Amino acid sequence: MTDDISFQNKKILKIVITFFLLLIFSSSLIYFGSKNDSVSIAKKLKSGVLTADKINVSFENVGGKLQERYVEESDFVKKGDVLMQLDSTDLNIEIKKIKAKINAQEALIRKEETAIRTDKLDTDRLEITHWRQIEEIQANLNTAKSASQLAKNEFLRIHKLSKTGYVSASMLDNAKNEMTKMQLTVVRFERQLAASLIGSTPEQQQKLTQKNSAEGMTLNSIVSAREQINNRFNQLQQYKAELSLLEEELNQLNVNFQRLTLIAPESGKVLSLVYEPGEIIPSGAPAVIIETERTYVDIYVNENSVNKFQPGTTVTAYAPAIMQSFQGKIRFSDATSSFSDLRMSREKGQADLTSYRVRIYFNKQPQLLTGMTIEVKNE
């Protein structure tokens, strides 16, 4: 009986000792090994979980009350599908106001253009009229000078005869009065001509005297009229610039009107709808979250292997769940933020290493689902 108890105690003791040895061995493996974290496993196995890119879709530079949702969560959408619609009441009012302003501005421009054309025609006609008037004054002046000279000659003749007693005093007075009258007429025409020639050059005046032609003569009144036309033209340009600003504002409102409709930028699955109909959506706030058809895997390699994973390189991957191989393309490789500079103890014969994350994108595969484990077969 005693021997049986002793045998059982030894057996129990042996089991306990074995358990503690296994426990110590397991602890050693955990401490000195990879510690079984996901990054270390991924580095060792060159594997990762297939992940789909997610995008936040928001209304671009517009906000407002959500009027209607056209999709629900978990729906599959194609690029260009309508997702949401904002209320357009306020924007429609602004568009109508701007269109009314544009119509008024266009009417103002047409009115100004008509006035400028009319002023140009009137000024051109007035210039020609002034030239003809100047030529007429010059002709009258020439005639008056000739008449004045005749009246003077007649007065001198009668004055000479009056000394001999052959003419009466009244005839002498009449001749003198006629001479004076003709001289005053010359002065009157000279003053009219001087007033009409203001702004003309000496060369133009000489041409008038010699040829009795005022064609092409510069006149202050015409110059002033044309300056006023130029000022109106400048005003017209300002009206047109204001019209351009209004048209740009209308274009922006039309763009904003189009942006009230939220369009799917690419195909994928609707993961989340952030707002309900009737809620106010701030400008730029994410409204829909879509899981795209673009999938990728992140693997982790050490500094000795990272040069083998250059961006743009094609690699072969394997999905154990479906037992298929397929091609992927490396997008980037960089030092990870959380696992950079893994400090290894040199007492264990290992140098300092840096962990690098390599992201590999894959084309859409019918049987390849997000969440599957992907292994990179080549290093």
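Modeller: Let us begin with a term: two strands pair if DSSP finds at least two bridges between them. Helices (H or I, at least four residues) and strands (E, at least two) are DSSP runs, numbered from the N terminus. This is a predicted model, in which local features need pLDDT of at least 70 and side-chain atom pairs count only at pLDDT 80 or more, while totals for chains, interfaces and linings use all residues. Residues are numbered from 1 along each chain as its sequence is written, and side-chain values use heavy atoms, with hydrogens and water left out.

Biologist: Which residue in β9 is the bridge partner of Val-270?

Modeller: The bridge partner of Val-270 is Ile-290. Five bridges join β7 to β9, and these two strands run antiparallel.

Biologist: What other strands pair with β9?

Modeller: β2 is joined to β9 by seven bridges, again antiparallel; Ala-52 has Thr-295 of β9 as its bridge partner. Strand β12 (residues 355–362) also pairs with β9 in the antiparallel sense, over eight bridges. There, Thr-295 stands opposite Phe-362.

Biologist: Is β9 largely enclosed or open?

Modeller: β9 is largely enclosed by the rest of the structure, because 12 of its 17 residues are buried. Buried means under 20% relative accessible area, exposed over 50%, and partly exposed in between (1.4 Å probe, protein chains only).

Biologist: And how much of the whole protein counts as buried?

Modeller: Of its 379 residues, 31% count as buried. The secondary structure comes to six helices and 13 strands.

Biologist: What does the largest nonpolar core contain?

Modeller: A nonpolar core is a set of buried Ala, Val, Leu, Ile, Met, Phe, Trp, Tyr and Cys residues joined through side-chain atoms within 4.5 Å. The largest one has 34 residues, and Leu-83, Met-84 and Val-288 have the most contacts inside it. The elements that give two or more residues to this core are β2 (51–58), β5 (82–86), α3 (89–162), α6 (220–259), β7 (268–273) and β9 (286–302). Seven residues, the largest share, come from α6.

Biologist: What is Val-288 in contact with?

Modeller: Contact means heavy atoms within 4.5 Å. Leaving aside neighbours within four places in sequence, the residues in contact with Val-288 include Ile-55, Val-57, Leu-83, Met-84, Val-270 and Leu-273. There is also a second, separate core of 19 residues, which includes Val-301, Val-306, Val-315 and Phe-362.

Biologist: Turning to another sheet, in what order do β6, β5, β3 and β8 stand?

Modeller: These four strands form an open sheet in the order β6-β5-β3-β8, with antiparallel pairing. β6 (261–263) and β8 stand at the edges with a single partner strand each, so one side of each has no neighbour in the sheet. Strand β3 (residues 64–69) pairs with strand β8 (residues 280–281) over two bridges: Gly-64 stands opposite Ile-281, and Lys-65 has Ile-280 as its bridge partner. Three bridges join β3 to β5, and Arg-69 is partnered with Met-84 there.

Biologist: Last topic: how do α3 and α4 cross?

Modeller: The axes of α3 and helix α4 (residues 169–196) come within 8 Å and cross at roughly 160°. α3 is therefore roughly antiparallel to α4. Axes are lines fitted to C-alpha atoms, for helices over the stretch in contact, and angles run from 0 to 180 degrees between N-to-C directions. Angles under 35 degrees count as roughly parallel, over 145 as roughly antiparallel, 65 to 115 as roughly perpendicular and the rest as oblique.
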